[in-house]
Amino acid sequence: MKRLIKLLAIIYLFLLSAASSAKPEPSTIRIEKDFLYDQYTLADTYPYKETIREFQWDKIRQHLARVMEANQQSGRWGVVQNRKNVNGEPPVADNSSKNDYNRLADSYGVERYQGIPFYGKDTVTPERYGRDGFPVRIIQQAGNYYVIETINFDGQWRVPTQYVELFEASPGIPFKKVAVVDRANQNITTLEQSDTDLWLVRSMNPATTGAHHPPYERETPLGYFVIQEKKPKMVYPVDGSTETGGFASYASRFCNGGYIHGVPVNAPRTSLIEFSNTLGTTPRSHMCVRNATSHAKFVYDWAPIHESLVIVLE
């Protein structure tokens, strides 16, 4: 009898373990509204000019499932970084060519400048570049390289160790807080995992993303990014010069020079601007994601560095 009980206990633990490590399915993910920030809140669908805009909940569930699957993986997490080529200009990747901004980019559109070399079969020529801010899971260290995986695309890659900042927590950090930016609908929602398959919506707001307008304005890149840095006041220059153009408050950096931040304040003004009628309309930023200033402060306070993701979708 004791042996039978022991066997049943082992089977139960095995089934429990298998269930907890099963690949999350988008259809099983529950999303419920439980706002922590309730100003300027948008409906699930809402009019914009002659069109209807929306929060793409089905697509958001797909991205949340990918995040949850990544959280299940063992190993240590980190982020690849190369803001302003601080860790070195990467080698030229395969099939690189000049883009609209007259900069060398790989075949996936990721620029060499501020990029991270991702090596595949060998470490002679990068197959592609990773973006500053990509979350990576460390598989192992091989000499001066980490073998990594990223949520952004499949496969195992070798990345020189100088480009990787490891998170302090080990064996890994679950990303339980995400800000989802929708370029197509010009909105942002924040969500927090509350239970195994339950995500709580903390805010639903208008936002303005980056514009594709060379030589200065850039699109907000698609993908998964770690919140890496925070600045209570992010000073920006006048386009094409070193002169101070103004500042944006409560800035949370997620990729290169891309921040979630409040309404820009152009010099010589010094007082904050809470809201702009351009929020939620058309892209006009320089890669950044503009928000109502109080919502930018909410994200700034709510989302811890290295434990929170920004997901940019179309």
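Let's start with the side chain of D132: it reaches the backbone nitrogen of N82 at 2.8 Å. A second polar contact, of 3.0 Å, joins the side chains of D132 and Q228. By polar contact I mean N or O atoms within 3.5 Å, one able to donate a hydrogen and the other to accept it; residues adjacent in sequence count only if both atoms are side-chain atoms.

A word on the source. This is a predicted model, with local features needing pLDDT of at least 70 and side-chain atom pairs 80 or more, while totals for chains, interfaces and linings use all residues. Numbering runs from 1 along each chain, and side-chain values use heavy atoms, without hydrogens or water.

Is D132 buried or exposed? D132 counts as buried because its relative accessibility is 0%. Buried is under 20% relative accessible area, exposed over 50%, partly exposed in between, with a 1.4 Å probe on protein chains only. D132 sits in the loop between strand 8 and strand 9. Strands here are DSSP E runs of at least two residues, helices H or I runs of at least four, numbered from the N terminus.

Now strand 8, residues 128–131. R128 and G130 point one way, Y129 and R131 the other, and all are buried. Strand 8 pairs with strand 7, antiparallel, over 4 bridges; pairing takes at least two DSSP bridges. Y129 stands opposite P117.

P117 is also among the contacts of V159, together with I116 and F118. Contact means heavy atoms within 4.5 Å, and neighbours within four places in sequence are left aside.
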